[in-house]
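Please read the points alongside the sequence and the coordinates.

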Amino acid sequence: MARWYDVLAGERVYAVGRDVAISALRLGSGDRVLDVGCGTGLNFGRLLDSVGPMGRVVGVDRSPAMLGVARRKFPELDRVVLIHADATQLPRDRLIEAAAPATAYDAVLFTYSLSLMPQWPIAWRQATALLRDGGRVAVVDMQLPVGRARLAAPAARIACALGGSDPTARPWELLEREASDVESWSLRGGHIQVRVGIRSPP
């Protein structure tokens with residue numbers, strides 16, 4: 001599915017979550033960003049524009065095929081580092097090496113990825129432990145639409161099922177509990193939930 005993912009991903013609906021989250025991370029020139037569950041690199045263009053020529057984007061995904069697509073799209077591997085790993089078993093030493101000369105990340109981003117993982121709280125804690133003190137974290141994920149938008153719930157349920165997402169997971173609630181200065185957005189009739197905050201490592 002990787003070669004067709006960008007066509008099938010529904011970016012006309014879901015790109016807004018990426019845009020809002022990456023803007024709210026307030027990235028600066030030279031920042032290091034960890035994109036967990038990066039897939040084919042749909043966030044990379046926005047992230048590279050934000051961190052500038054001295055910054056770095058490190059993408060982690062468990063699918064070699066998805067990473068292969070991302071590598072072909074973004075050949076500037078000095079600024080983009082791709083790591084094949086399960087998000088619940090992150091290779092800490094390798095990720096710290098990828099952030100060099102920094103020793104921690106300025107931001108961690110999860111877009112439509114945590115709800116794909118049965119053990120997503122493990123992925124959350126392993127990734128956010130790599131943040132610098134005062135680093136920012138963003139979660140973008142899905143639930144079924146609410147209010148008047150409930151009429152679109154059957155279509156949203158199908159989209160979640162096709163992508164393997166659990167619309168009842170609500171991973172943004174963990175960010176709300178464990179981060180400070182949390183900003184929140186409910187988009188597309190509540191279907192897309194975005195949370196961004198500051199989380200210092202434990």
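Which residue in strand 3 is the bridge partner of Val 60? The points below begin with that pairing; the model is a predicted one.

1. The bridge partner of Val 60 in strand 3 is Ile 83. This pair belongs to a parallel arrangement in which 5 bridges link strand 2 with strand 3 (residues 80-84). Between these two strands the chain passes through helix 4 (residues 64-73), and the β-α-β crossover is right-handed.

2. Strand 2 also pairs with strand 1 (residues 32-36); the two run parallel and are joined by 5 bridges. Within this pairing, Leu 34 has Val 58 of strand 2 as its bridge partner.

3. Strand 2 (residues 56-61) is largely enclosed by the rest of the structure, because 6 of its 6 residues are buried.

4. Asp 61 is buried but forms no salt bridge, and the nearest side chain of opposite charge, that of Arg 62, is 6.8 Å away. Polar atoms of the Asp 61 side chain do lie by backbone nitrogens: that of Ser 63 is 2.9 Å from one such atom, and that of Cys 38 is 3.4 Å from one. Leaving aside residues up to four places away in sequence, Asp 61 touches Gly 37, Cys 38, Gly 39, Met 66, Leu 67, Ile 83, His 84 and Ala 85. Ile 83, listed among these contacts, is also the strand 3 bridge partner of Val 60.

5. Strand 1 pairs with strand 4 as well, in the parallel sense and over 4 bridges. Leu 34, whose partner in strand 2 is Val 58, has Val 108 as its bridge partner in strand 4.

6. Strand 4 (residues 105-111) is mostly covered, with 7 of its 7 residues buried. Strand 4 pairs in parallel with strand 5 (residues 131-142) over 6 bridges, and Tyr 105 stands opposite Leu 131 of strand 5. Together with helix 6 (residues 120-128), strands 4 and 5 form a right-handed β-α-β unit.

Conventions
Residues numbered from 1 in each chain as written. Predicted model: local features only at pLDDT ≥ 70, side-chain atom pairs only at ≥ 80, totals over all residues. Heavy atoms only, no water. Buried < 20%, exposed > 50% of the residue type's maximum accessible area, 1.4 Å probe, protein only. Pairing = 2+ DSSP bridges. Right-handed = clockwise from strand over helix to strand, strands pointing away. Lys, Arg positive; Asp, Glu negative; His and termini not counted. Salt bridge = Lys/Arg side-chain N within 4 Å of Asp/Glu carboxyl O. Polar contact = N/O pair within 3.5 Å; in protein donor to acceptor, adjacent residues only side chain to side chain. Contact = heavy atoms within 4.5 Å.
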